[in-house]
Amino acid sequence: MANPVEQFQIEPLVPLHIGGVNVSFTNSALLMVISVALVTAFLTLSVRGRALVPGRWQSTAEVFYEFVANMIRDNVGSEGRKYFPFIFTLFMFVLFGNLLGLIPYSFTYTSHIIVNFGIAATVFVGVTIIGFMRHGTHFLRMFFPHGAPILTAPILVPIELISYFSRPFSLAVRLFANMTVGHIMLKVMGGFVVALGVLGILPFAFLSAITVLEFGIALLQAYVFTILCCIYLNDAIHMH
Amino acid sequence: MTDESKKPNLDDLQSRLDAARAREAQETGRDRKHGSGGRNNNGMGLGFRIAIELVVNIVVGTGIGYLLDRWLGTRPWLMVVFVFLGAGAGVMSVYRVAKGFDDTVGLGQASRRGKSE
């Protein structure tokens, strides 16, 4: 049976070392380039016609656009509209990463925690900067609840701070865990199909169901990742 | 296709759209603001979320304590304190997830909003 975690192995395709730093072009990087190219091609080619009554491809592109636009409007409000390009890019990148990983023999870059953490940390730092730019030091008031006795501040403020700092980590870990678990499960079940011979039809049926579930999880996790970024952005902009 | 002379006025269209949306919101009886609830309604997602929140908060708390210790040279005391603070933050996060509050900063504000809804 094949090693179920072998699929997450990073392999350099074009070895490259600049100044002692390993910057090889890996299979992970290749999939990222493919997904960016696919997203760009999909969005530019499908709306090229600019038809008033959209065709199939244009409708699909508009569904994605409206989905993210509604998400921002519902969670951030009209002020979040100027962050639409970033949120949309984020959503498409994560979504295509999740979906491309479901193609056999391909690679899921969202199953690597450092990739997710890179994205999440960018969002976290950006949101914190936006918060400080819009509210100045008033932004720090967020870490102490109104009406609590001042004596509880030494405990409450560190707890809220830790919970704030753990946001990018929990964002990254959630996407990573969902993707990794799903892919390992698929691989293990796939091993059973081969190992059980004729009886392999049973795990095969289960495998088919799991694959559908994985498509759902790929969509759902891209959605969760993006909506949490929207909520964090809303926090920084409105502060309540 | 439509007649050139009957091309719809965009302002008119917008007002009709707004009216239709208001009607829809009234009929379905839900305000689309703060529509973040309702996700993670499957058990696996909820379980994942609780586990991750609990672990990540403790790890981040420990990490902050460790870095502060290295910076201030007070090893290991701040780390011990921050492990417990991280555990507190973890339990708080789990409580928020279990209660279905939103993911904004500050438990007090979130719980007030959760009750008023």
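## Conventions

Residues count from 1 along each chain as its sequence is written, and chains are lettered from A and ligands numbered from 1 in the order in which they are written. Because this is a predicted model, local features need pLDDT of at least 70 and side-chain atom pairs count only at pLDDT 80 or more, while totals for chains, interfaces and linings use all residues.

## Chain A

Chain A has seven helices and four strands. Helices are DSSP runs of H or I with at least four residues, strands are runs of E with at least two, and both are numbered from the N terminus. Along the sequence the pattern is β-β-β-β-α-α-α-α-α-α-α. The C-alpha trace spans about 70 × 50 × 45 Å along its principal axes.

Of the 240 residues in chain A, 31% are buried. A residue is buried if 20 or more other C-beta atoms lie within 10 Å of its own, exposed if 12 or fewer, and partly exposed in between, with C-beta atoms placed from the backbone. Among contacts in chain A with a separation of 6 or more, 61% join residues 24 or more positions apart. Two residues are in contact if their C-beta atoms, placed from the backbone, lie within 7 Å.

## Chain B

Chain B has four helices and zero strands. Its pattern along the sequence is α-α-α-α. Buried residues make up 19% of the 117 residues in chain B. Among contacts in chain B between residues at least 6 apart in sequence, 43% join residues at least 24 apart.

## Packing within chain A

Helix α2 (residues 56-75) and helix α3 (residues 84-100) of chain A pack at an angle of about 125°, with axes 10 Å apart. Axes are lines fitted to C-alpha atoms, for helices over the stretch in contact, and angles run from 0 to 180 degrees between N-to-C directions. α2(A) and α3(A) are therefore oblique to each other. Angles under 35 degrees count as roughly parallel, over 145 as roughly antiparallel, 65 to 115 as roughly perpendicular and the rest as oblique.

The crossing of α2(A) and α3(A) is right-handed. A crossing is right-handed if the near helix is turned clockwise from the far one by less than a right angle, and left-handed if anticlockwise. From α2(A), Val68(A), Ala69(A) and Ile72(A) meet Phe84(A), Ile87(A), Phe88(A) and Phe91(A) of α3(A). This contact has seven nonpolar, no polar and no charged residues. Ala, Val, Leu, Ile, Met, Phe, Trp, Tyr, Cys and Pro count as nonpolar, Asp, Glu, Lys and Arg as charged, and the others, Gly among them, as polar.

## Contacts between the chains

Helix α5 (residues 153-165) of chain A and helix α3 (residues 77-99) of chain B have axes that come within 8 Å and cross at roughly 70°. That makes α5(A) roughly perpendicular to α3(B). The crossing is right-handed. Pro158(A), Ile159(A), Ile162(A) and Ser163(A) meet Leu85(B), Gly86(B), Gly88(B), Ala89(B), Met92(B) and Ser93(B).

Ser170(A) lies in helix α6 (residues 167-195) of chain A. Ser170(A) is buried, because 23 other C-beta atoms lie within 10 Å. Leaving aside neighbours within four places in sequence, Ser170(A) contacts Ile52(B), Glu53(B) and Val56(B). Ser170(A) and Glu66(A) are 104 residues apart in sequence and 27 Å apart in space, C-alpha to C-alpha.

## Backbone exceptions

Most residues other than glycine have a negative phi, and most peptide bonds are trans. Arg50(A) has a positive phi of about 50°. Arg50(A) sits in the loop between α1 (27-46) and α2 of chain A. Arg50(A) is exposed, with 7 other C-beta atoms within 10 Å.

Tyr105(A) has a positive phi of about 70°. Tyr105(A) lies in the loop between α3 and α4 (113-135) of chain A, and is exposed, with 5 other C-beta atoms within 10 Å. In chain B, the peptide bond from Arg75(B) to Pro76(B) is cis, with omega near 0°. Pro76(B) is in the loop between α2 (43-72) and α3 of chain B.

## Confidence

The model scores ipTM 0.81 and pTM 0.82. Chain B averages a pLDDT of 77, and 64% of the residues score at least 70. pLDDT is the predictor's confidence in each residue, from 0 to 100. In chain B, confidence is highest in α3(B), at a mean of 91, and lowest in helix α4 (residues 107-116), at 65. Over residues 29-40 of chain B the pLDDT is below 50. Beyond near neighbours in sequence, this stretch has 16 contacts in the model.
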